[in-house]
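Dear colleague,

Please find below the structure that I am handing over to you. I would be grateful if you could read the notes after it with the coordinates open.

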Amino acid sequence: MVRQDKQLWRRCRELADSVPMPAPFRPDTFAQAVAAHRGRRIELMPVPATVGAPCGLLMTTDHADYILYPVNTTELHQQHILMHEVAHLLCGHTGTGEIDAAATRVLMPNLSPELVRRVLGRTVYTETEEHEAELLASLIAQRAARLPRPPSAEPPDEVVQLSRLFGARRRDD
């Protein structure tokens, strides 16, 4: 088990170090850089999150890879979901070829889950693949955290909430 863990860490570190990192870092430009690196299009698709549905979804077709991510969550959470789904691509995960009913409701709410499963054949990953994707996403996030961030007119929601919690005031108050 220890040997497998060391191999997993080494593989993920090598993958994280090899992936292009745009500066300043933004999830959309990161996905574009990875797409160019892989020579395969990646389309980001914001969707509303629903109870019982997966946080993020990766669909691979003959023409492109599609990453669905929730719009009704924090920017930091969206970023991690995108990195996690990109990590599945970088690791070459293929999954089991099954899709659950909750995922089908997110993808195509007006179609039956059975029809969506037959048409899309989306993959479900093993526990080992999920662990590897999570580790790789975290290592990529560490690299991204060291890069310059794009300027923003407003601080992230998390910073505003913490400021309010501790009684800090904005400069323009």
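Predicted model: local features only at pLDDT ≥ 70, side-chain atom pairs only at ≥ 80, totals over all residues.

Residues are numbered from 1 along each chain as its sequence is written, and side-chain values use heavy atoms, with hydrogens and water left out.

The structure holds 5 salt bridges, a salt bridge being a side-chain nitrogen of Lys or Arg within 4 Å of a carboxyl oxygen of Asp or Glu. One of them pairs Arg 11 with Glu 132, with 2.4 Å between the closest N and O atoms. Because Arg 11 lies in helix α1 (residues 2–18) and Glu 132 in helix α6 (residues 127–145), this pair ties together parts that are 121 residues apart in sequence. Helices (H or I, at least four residues) and strands (E, at least two) are DSSP runs, numbered from the N terminus. Glu 132 is buried at 9% relative accessibility, whereas Arg 11 is partly exposed at 35%. Here, buried means under 20% relative accessible area, exposed over 50%, and partly exposed in between (1.4 Å probe, protein chains only).

Asp 65 and Arg 40 also meet in a salt bridge (3.0 Å, N to O). Asp 65 belongs to strand β3 (residues 65–70) and Arg 40 to the loop between α2 and β1 (42–47), so the contact links parts 25 residues apart in sequence. Asp 65 is buried at 0% relative accessibility. Salt bridges with shared partners join Arg 38, Arg 40 and Asp 65 into one network.

Arg 38 also takes part in the packing of α2 against α3: together with Pro 27, Phe 30 and Val 34, Arg 38 meets α3 residues including Leu 82, Met 83 and Val 86 (contact means heavy atoms within 4.5 Å). Helices α2 (residues 27–38) and α3 (residues 75–91) pack at an angle of about 5 degrees, their axes 10 Å apart. Axes are lines fitted to C-alpha atoms, for helices over the stretch in contact, and angles run from 0 to 180 degrees between N-to-C directions. The two helices α2 and α3 are therefore roughly parallel, the term for angles under 35 degrees.

Finally, Leu 162, Leu 165 and Phe 166 make a nonpolar surface patch of about 390 Å². Patches are made of residues with over 30% relative accessible area and no salt bridge, nonpolar side chains (Val, Leu, Ile, Met, Phe, Trp, Tyr) being joined within 5 Å and like charges within 9 Å; accessible areas come from the Shrake-Rupley method with a 1.4 Å probe, and for residues only the protein chains shown count as cover. Phe 166 is exposed at 68% relative accessibility.

Yours sincerely

How values were computed:
Parallel < 35°, antiparallel > 145°, perpendicular 65-115°, else oblique.
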